[in-house]
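Hi,

Here is the structure I promised to pass on.

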Amino acid sequence: HELLRFKGQSKYLRAECFAAYAKYRESMDLFEAAEMEFRERQNFAGGNDSSESKLHRIQLKRAELYLELDQPQKALAAAQAVLFNEGNPPGDEIKGEACYILARVSARSPGPFPKSALAYLEEGVAQVPVDSISEIGWKLHFELANEYRKLKDFEKASSHYKQAKVGINYFVWRFTSESLRSVYLAALNRSAVLKEIARYL
């Protein structure tokens, strides 16, 4: 019975693996199964997040998958359901992640959208505590820098590129193993992100 507590986390991790290999529909099925497991047991063991945060993250992962499957309206609804959840309010970092996804949806949506990508990114950065460094933090700063660069506001772009660089390097140098650093940089195109930042700083 103790192992059953980890079924949701196991399905969640498998879903992430499928998503990493662009098997979006298989990933969606596993995220839905993980959510069902959570709701059935009211316990989602594994990892450091609270049960509420894990449920929010599942919903945001599904929003990302909807975006990859070219279903922007479903992605919008899923991300907004997290951001504006009054019964189970998300924490600041989760809010930042929701804003990041909404910015991506806005940028790729052909029709009218509630806010611009720039507005969502600024809102996301405002949610992340100034004195903290997180994965979502550097992602928001990097995309915000790109938006300001498009607007030719190079001073603001440079400031956000620098903050994105600090965020990535903070995690890189936490690894004592060179091989682990390489693995970290390869994931999520972090190495490519640093190269692009270097072009503009």
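This is a predicted model: local features need pLDDT of at least 70, side-chain atom pairs count only at pLDDT 80 or more; totals for chains, interfaces and linings use all residues.

Leaving aside neighbours within four places in sequence, which residues is Lys-165 in contact with? They are Leu-194, Ile-197 and Leu-201, where contact means heavy atoms within 4.5 Å.

Residues are numbered from 1 along each chain as its sequence is written, and side-chain values use heavy atoms, with hydrogens and water left out.

Back to Lys-165: you'll find it in helix α8 (residues 154–172); helices here are DSSP runs of H or I, at least four residues, numbered from the N terminus. Lys-165 has a relative accessible area of 40%, so it is partly exposed (buried is under 20%, exposed over 50%, partly exposed in between, with a 1.4 Å probe and protein chains only).

Now the salt bridges, meaning a side-chain nitrogen of Lys or Arg within 4 Å of a carboxyl oxygen of Asp or Glu. The count comes to 14. Here are a few of them:

- Glu-68 pairs with Arg-104, with the closest N and O atoms 3.1 Å apart. Glu-68 lies in α3 (residues 51–68) and Arg-104 in α5 (residues 92–108), so the bridge ties together parts that are 36 residues apart in sequence.
- Arg-190 pairs with Glu-135 at 3.2 Å between the closest N and O atoms. This one links distant parts of the chain, as Arg-190 is in α10 (residues 190–200) and Glu-135 in α7, 55 residues apart. Arg-190 counts as buried because its relative accessibility is 6%, whereas Glu-135, at 22%, is partly exposed.
- Glu-123 and Lys-115 meet at 2.7 Å, N to O.

Among the residues making the contact are Leu-118 and Leu-121 of α6 and Leu-140 and Leu-144 of α7.

Ile-133 sits in the loop between α6 (117–127) and α7 (135–150). With a relative accessible area of 39%, Ile-133 is partly exposed.

Cheers

Definitions and conventions
Helices (H or I, at least four residues) and strands (E, at least two) are DSSP runs, numbered from the N terminus.
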